[in-house]
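Subject: Structure handover

Hello,

Here is the structure you are taking over. My notes on it follow below.

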Amino acid sequence: MLTKPISVVIMAKNASDTIRESLESLKAFSEVIIYLNNSTDDTAEISKEYKNVKIVDGYFDGFGDTKRRASNYSKNDWILSLDSDEILNNKLISEIEKEDFSNIKKLFRLKRNNYFLGHKTQNSDYIIRIYNRKYTNFNSNGVHEKIIVPNDATVITLKSSFKHLNITNINQTLTKIIQYTDLGAKDKKMCLFSVVILKSIFAFFKTYILEGNIIRGWVGFALAINSANKRYYKYIKQFINCKEN
């Protein structure tokens, strides 16, 4: 069992495809908070199988604000924020165990390896996921939320990575596009249709060429199309908002 005073906080909705693998990887933590929002599958039943899990039923009002609220239910001030489709490994857990958590101004950045339909992509990224809630927390962004980094913070990058099962079946690309583009277009207007076209083309080019997913074959192409679709629907919704007003 991990001796560090860290609680894992996971926001989850209909995550039965991935939540078991995620929770299996978190058995070393004394507390895992599962913040459920309008979940209708058996995510809760699966979570109840794990003794270190505490389930909280709550509501969703954007990713940033919801993650801030979810962190309030933990017994520890140090928070490891994960999504329900993210899996840690023993190397990363051992690395966390060796770190010093006496300074609340420390933020820990982790490498995330992204997977699309079971295939690792070129889109690995570094993201701050461990923080002390007495010092900082997530911003209020409805989508693309981030942990606020104060000017006097010390950011430590850990060497080991974790796994992100971003898309496990192709239908998820459709449901996620609806959810994320609705949030990304809410109360926003963009009045140039040329921007819709250019943003979509660049999203494909960035994912397929600049990020190197061209070497991933059909998986890389499907990933790039998905990126272009997300960008297209986000900005076409903003464009429609402009025309309606």
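Lys48 is exposed, with a relative accessible area of 60%; exposed means over 50% relative accessible area, buried under 20%, and partly exposed in between (1.4 Å probe, protein chains only). Lys48 sits in the loop between α2 (43–47) and β3 (53–58). Helices (H or I, at least four residues) and strands (E, at least two) are DSSP runs, numbered from the N terminus. From Lys48 to Ile34 is 14 residues in sequence and 9.9 Å in space, C-alpha to C-alpha.

Please keep in mind that this is a predicted model, in which local features need pLDDT of at least 70 and side-chain atom pairs count only at pLDDT 80 or more, while totals for chains, interfaces and linings use all residues. Residues are numbered from 1 along each chain as its sequence is written, and side-chain values use heavy atoms, with hydrogens and water left out.

Next, helix α4 (residues 90–98). Which of its residues are buried? They are Leu92, Ile93, Glu95 and Ile96. Seen down the axis of α4, these buried residues fall within an arc of 160°, so they line one face of the helix. The arc is that of the directions from the helix axis to the C-beta atoms. Asn90, Lys91 and Lys98 are exposed, on the face of α4 turned away from its buried side. The cover over the buried residues of α4 includes β1 (6–12), β6 (106–116), β8 (125–132) and β9 (154–167). At the N-terminal end, Asn89 caps α4, with a side-chain oxygen 3.1 Å from the backbone nitrogen of Lys91.

Helix α5 (residues 171–185) has 15 residues, which should span 21 Å at 1.5 Å a residue, and its end C-alpha atoms are 21 Å apart, which agrees. The expected span is 1.5 Å times one less than the number of residues. Gln172, Thr173, Ile177, Thr181, Gly184 and Ala185 are the buried residues of α5. Viewed down the axis of α5, they fall within an arc of 155°, so they line one face of the helix. The buried residues of α5 pack against β6, β9 and α7. On the face turned away from the buried side, α5 carries the exposed residues Asn171 and Ile178. After α5 comes Asp187, with a positive phi near 60°.

Last, Ser227 lies in helix α7 (residues 218–244). Ser227 is buried, with a relative accessible area of 16%. Leaving aside neighbours within four places in sequence, Ser227 is in contact (heavy atoms within 4.5 Å) with Ala203 and Thr207.

Regards

Notes
Polar contact = N/O pair within 3.5 Å; in protein donor to acceptor, adjacent residues only side chain to side chain.
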